[in-house]
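Thanks for coming. I will go through one model this morning, starting with a helix and ending with the pockets.

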Amino acid sequence: MPIRIPNQLPATTELEAENIFVMTEMRAIHQDIRPLRLLILNLMPTKITTETQLLRKLSNTPLQVEVEFLQTISHDAKNVAAEHLETFYTTFEEVRSRRFDGLIITGAPVELLDFESVDYWNELAEIMEWSRTNVHSTLHICWGAQAGIYYHYGVSKHELPQKLSGVFRHEVVKRTSPLVRGFDDAFWAPHSRYTEVLACDIEAHPDLELIAVSEEAGVYIAKSRDSKHFFVFGHPEYDRATLAGEYERDLARGLNPAVPAHYFPDDDPTRQPVANWRSHAQLLYTNWLNYYVYQTTPYNIDEI
């Protein structure tokens, strides 16, 4: 089924070239159904790339999904044209009085800062507080997951000795969770971060549960027991070349990064990486939308 996106969004052309069914606003208004309303708070500096990656994963859904993008006004985005933000993004003030079936909060390259030191933290905290009453289910990704689990449940992050970058083997620890329905016993997923949240801290909290972990990379998926909040500490939406691009960027900055683990064949950065995480990434997003948004959200969205 299609995802509904704004007319002229740059991601449209690329998604249609991949045979992904997207529906522009003009066509969608002629269908007499209630689409799922999904809000994406995009904190990544690479706005257009992240938009395309997320829309690709949201495309395989049981219903039409109406996607809107949200920006923070307390942070000046430097890597995207102001015209793009003005055309395709809304602000919190513009959505404050509305309700949404789902919310996605992305990662951001601010992990080494204390949460309260991030220039848009107060605005983000206000959005996360608002989501308690105005959003049916929220999916937090990477730094967004660390921020969300800290804000809602007081679970702190911890700095790693060096950046964790690569594609790592994971295991499902709660197989009965619909979120991982269809997952293999072992699966692979990308990580790219300088900090982590500890499994023992999540297990110690009565309102949280672990879903999937990695022996090398630590916690991958956790959720609240009431299924209001989902925390994914990796980047399942990443494309084949995303980690390679980050590695080359860090090299150019003189950071002397380690080669992303289990990513390039024979750890040779001159070779094309193998994308071995896409099927489970798709399942993750599809399962969240199906079992925790579509199946349980009220038909009358004002009842959220």
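Nine of the eleven residues of helix α7, residues 143-153, are buried, so the rest of the structure largely encloses this helix. Buried here means under 20% relative accessible area, exposed means over 50%, and partly exposed is in between, with a 1.4 Å probe and protein chains only. Helices are DSSP runs of H or I with at least four residues, strands are runs of E with at least two, and both are numbered from the N terminus. The buried residues of α7 include Trp143, Ile149, His152 and Tyr153.

Before going on, the basis. This is a predicted model, in which local features need pLDDT of at least 70 and side-chain atom pairs count only at pLDDT 80 or more, while totals for chains, interfaces and linings use all residues. Residues are numbered from 1 along each chain as its sequence is written, and side-chain values use heavy atoms, with hydrogens and water left out.

Now the two sides of α7. Cysteine 142 lies in the loop between β7 (135-141) and α7. Cysteine 142 is not a glycine, yet has a positive phi of about 50 degrees. Most residues other than glycine have a negative phi. At 3% relative accessibility, cysteine 142 counts as buried. Just after α7, glycine 154 also has a positive phi, about 70 degrees.

Next, the rings. The structure holds 14 aromatic pairs. Rings of Phe, Tyr and Trp (its six-membered ring) pair if their centres lie within 6.5 Å; planes under 30 degrees apart are stacked, over 60 edge-to-face, and the rest tilted. Tyrosine 120 and tryptophan 143 make an edge-to-face pair, with 6.2 Å between centres and 85 degrees between planes. Tyrosine 120 is in the loop between β6 (100-105) and α6 (121-134), tryptophan 143 is in α7, and they are 23 residues apart. Both tyrosine 120 and tryptophan 143 are buried. Ring pairs also join Phe115, Tyr120, Trp121, Trp143 and Tyr150 into a cluster. Over the face of phenylalanine 115 lies lysine 157, 4.9 Å from the ring centre. A charge sits over a ring if NZ of Lys or CZ of Arg is within 6 Å of the ring centre and within 35 degrees of the ring normal.

β8 (158-172) and β9 (186-196) pair in the antiparallel sense over ten bridges; two strands pair if DSSP finds at least two bridges between them. In this pairing, valine 167 stands opposite proline 190 in β9.

Last, the pockets. How much space lies in the largest pocket? About 960 Å³. A pocket is an open set of points on a 1 Å grid over the protein atoms alone, where a 1.4 Å probe fits, with protein on both sides within 12 Å along at least five of seven lines; lining residues have an atom within 4 Å of a point. Grid points are joined across faces, edges and corners, and the volume is the space filled by probe spheres set on the points. There are 36 lining residues, and the closest to the centre are Met44, Pro45, Pro109, Arg249 and Arg253. Helix α9 (242-252) gives the most to this lining, with five residues. The second largest pocket holds about 210 Å³ and is lined by 13 residues. The largest share of its lining, four residues, again comes from α9.
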